[in-house]
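Please look at the model below with its two chains shown together. The text after it goes through the architecture step by step.

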Number of protein chains: 2
Amino acid sequence: MKTPLIQRLAILGPGLLGGSIGLAARQRRVAKRIVVWGRRAEAAHEAVTRGAAHEVARTPADAVRNADLIVLCMTVEAMPAVARALRPGLKRGALVTDVGSTKRSVVRRVGAVLGGKAAWIGSHPMAGGERVGLRAAHANLFADAMCFVTPLSDSSAAAVAKLIAFWEALGGRVTALSPARHDAVAALISHVPHLTAAALVNLVGRREPAALGGVGNGFRDMTRIAAGAPEMWAGIAKTNRKEIRRGIGLLIEELRTLERTVAHASWRELHALLRRAKEIRDGLRPRRRSSGE
Amino acid sequence: MKTPLIQRLAILGPGLLGGSIGLAARQRRVAKRIVVWGRRAEAAHEAVTRGAAHEVARTPADAVRNADLIVLCMTVEAMPAVARALRPGLKRGALVTDVGSTKRSVVRRVGAVLGGKAAWIGSHPMAGGERVGLRAAHANLFADAMCFVTPLSDSSAAAVAKLIAFWEALGGRVTALSPARHDAVAALISHVPHLTAAALVNLVGRREPAALGGVGNGFRDMTRIAAGAPEMWAGIAKTNRKEIRRGIGLLIEELRTLERTVAHASWRELHALLRRAKEIRDGLRPRRRSSGE
């Protein structure tokens, strides 16, 4: 049997992502031993019951003791406090990462807390959804999912390589980019689309509430992500304000361009814009089976 | 055996909707005899082969001869010309309807062509999708789908009742409203969402083309309808300009409201907006199994 990539994996926060990391790491034999800590002790014990971890730790510091990889799986806003709590337990040479949806702010804040005591490189597996919690966790959540890793210029090459190998071992496709670039990309492909889904739902709810009973699958699919946890998305907005504001502005420009073609009856231009959108959309990779409704 | 609702049903345009009407009407014994006409003769013959109709007519006028219900299933822009061509064949007491996604313009234009020679009431079954053509047709396309019917104040009550019974017999849920109200509703729940999906896809394609390979299921689902036929959507935009422009303006207002909460760090307000969107979205009827990806 090959040696596992990780000897001791610490998962802090056994929700959808943390639980799925544990299940995937076990099923794929990526980690020899998995320890879990959760703010609610019951959730951590439930993770063990479900096979997402071998043992429960009572504190973050206990969880990371002797761990070579530590993954923070709570909201980005809660991460600095958990980093402070785990710091005393860190072993030399440990690698800390996370699964937060924004990176610039959290990489800076957690980095300041850890202060070089361990290698710290942010991650963002694009595998969440509107479902949350351990009950939705499964071992294939990361299969074929894009996993961003966001090293800094002074990150250790060995640590970056280990982190990339970890996400690839869970089934992900990895792209490395800076925290700032990540936040610009994620604003356009994830954060602004989510806010737009919320805007569409609220618009219909405000103006045509009776029509909500008649919406088709198109509207349903388009607004599915608006069912995501408001707390999480508010946290994302807090930690990626600049890029989200920029992205909303850019989307409004695109909408104004479409509106202008309708206003001026520029049908050839409208057709070209719709044709371009169709070509791009048709070129996307197939839907991953492993998550979503 | 009960008497079928329709003695002779004429389907003009055997695409996704026309083909599905034929398949559903036959399977559910809604029509005794179904005749189909298509601009391309092969498509009409294919409809018979697939069981969506009993016979092919060579011209629109031949198709509607002796038909008590005629359904126009081409793009809204092509409908007036087809109405002109079928007019000579109309029998007294016939009822003509359509499946177009916009109603005010087409109801007026086709009405002017038919000139009272038959009852003419617009319909809009919300059962399309990004897939088109007879190959995607199936007998359950209208199951639990909202079907709008748009009578005018001078429409015959008997014709309205027959049309409602027809869509209900195919499995649909029917709402009757004026063509103008329909277009306002459809702009918000269908037309503007489609253009928004196209805007999102084009925005990412323009600004972050490399990120297209990394988008998650959320982005995929949200932009699925952008894969719809550009010709059809350009036709919809042409015939619902006022309401689409208004709807884009309203959506931009919603987006600006969200942007403002991020700009001003009004997290409580942002949270309330996201919570409201989640509640509305959670309250939508379940996805219909019968269509979509």
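Predicted model: local features only at pLDDT ≥ 70, side-chain atom pairs only at ≥ 80, totals over all residues.

Chain A is split into domain 1, residues 6-177, and domain 2, residues 182-282. The centres of domain 1 of chain A and domain 2 of chain A, taken over C-alpha atoms, are 31 Å apart. Contact between these domains involves 16 residues of domain 1 of chain A and 16 residues of domain 2 of chain A. On the domain 1 side of that contact, α5 (104-114) and β8 (146-150) of chain A each provide at least two residues. The element that gives the most to this side is α5(A), with three residues. By class, the side of domain 1 of chain A that touches domain 2 of chain A has six nonpolar, six polar and four charged residues.

Next comes the relation between the chains.

The interface between the chains can be read from the side of chain B. Here 78 residues of chain B are in contact with 78 residues of chain A. The elements of chain B that give two or more residues to this side are α7 (179-207), α8 (217-223), α9 (230-239), α10 and α11 (267-282). Of these, α7(B) gives the most, with 17 residues. The side of chain B that touches chain A consists of 44 nonpolar, 15 polar and 19 charged residues. Because 100% of the interface residues of chain B are also interface residues in chain A, the copies meet through the same surface.

Two packed helices are described by the angle between their axes and the distance between the axes.

The pair α7(A) and α7(B) brings together the two copies of one helix. Their axes come within 11 Å and cross at roughly 165°. Angles over 145 degrees count as roughly antiparallel, so that α7(A) is roughly antiparallel to α7(B). The crossing of α7(A) and α7(B) is right-handed. From α7(A), the residues in contact are Leu188(A), Ile189(A), Pro193(A), Thr196(A), Leu200(A), Leu203(A), Val204(A) and Arg207(A). They meet Leu188(B), Ile189(B), Pro193(B), Thr196(B), Leu200(B), Leu203(B), Val204(B) and Arg207(B) of α7(B). The contact of α7(A) with α7(B) is made of 12 nonpolar, two polar and two charged residues.

In the second pair, α7(A), residues 179-207, packs with α10(B), residues 241-263, at an angle of about 120° and with the axes 9 Å apart. The helices α7(A) and α10(B) are therefore oblique to each other, and their crossing is right-handed. On α7(A), the contact is made by Leu195(A), Thr196(A), Ala199(A), Leu200(A), Asn202(A), Leu203(A) and Arg207(A). On α10(B), the partners are Leu250(B), Leu251(B), Glu254(B), Leu255(B) and Leu258(B). This contact of α7(A) with α10(B) has eight nonpolar, two polar and two charged residues.

From α10(A) come Leu250(A), Leu251(A), Glu254(A), Leu255(A) and Leu258(A). From α7(B) come Leu195(B), Thr196(B), Ala199(B), Leu200(B), Asn202(B), Leu203(B) and Arg207(B). By class, the contact of α10(A) with α7(B) has eight nonpolar, two polar and two charged residues.

Technical notes:
Residues numbered from 1 in each chain as written. Chains lettered and ligands numbered in written order. Axes fitted to C-alpha atoms, helices over the stretch in contact; angles between N-to-C directions. Helix = DSSP H or I, 4+ residues; strand = E, 2+ residues; numbered from the N terminus. Parallel < 35°, antiparallel > 145°, perpendicular 65-115°, else oblique. Left-handed = near helix turned anticlockwise from the far one by under 90°. Contact = placed C-beta atoms within 7 Å. Nonpolar A, V, L, I, M, F, W, Y, C, P; charged D, E, K, R; others polar. Domains from an automatic or database assignment.
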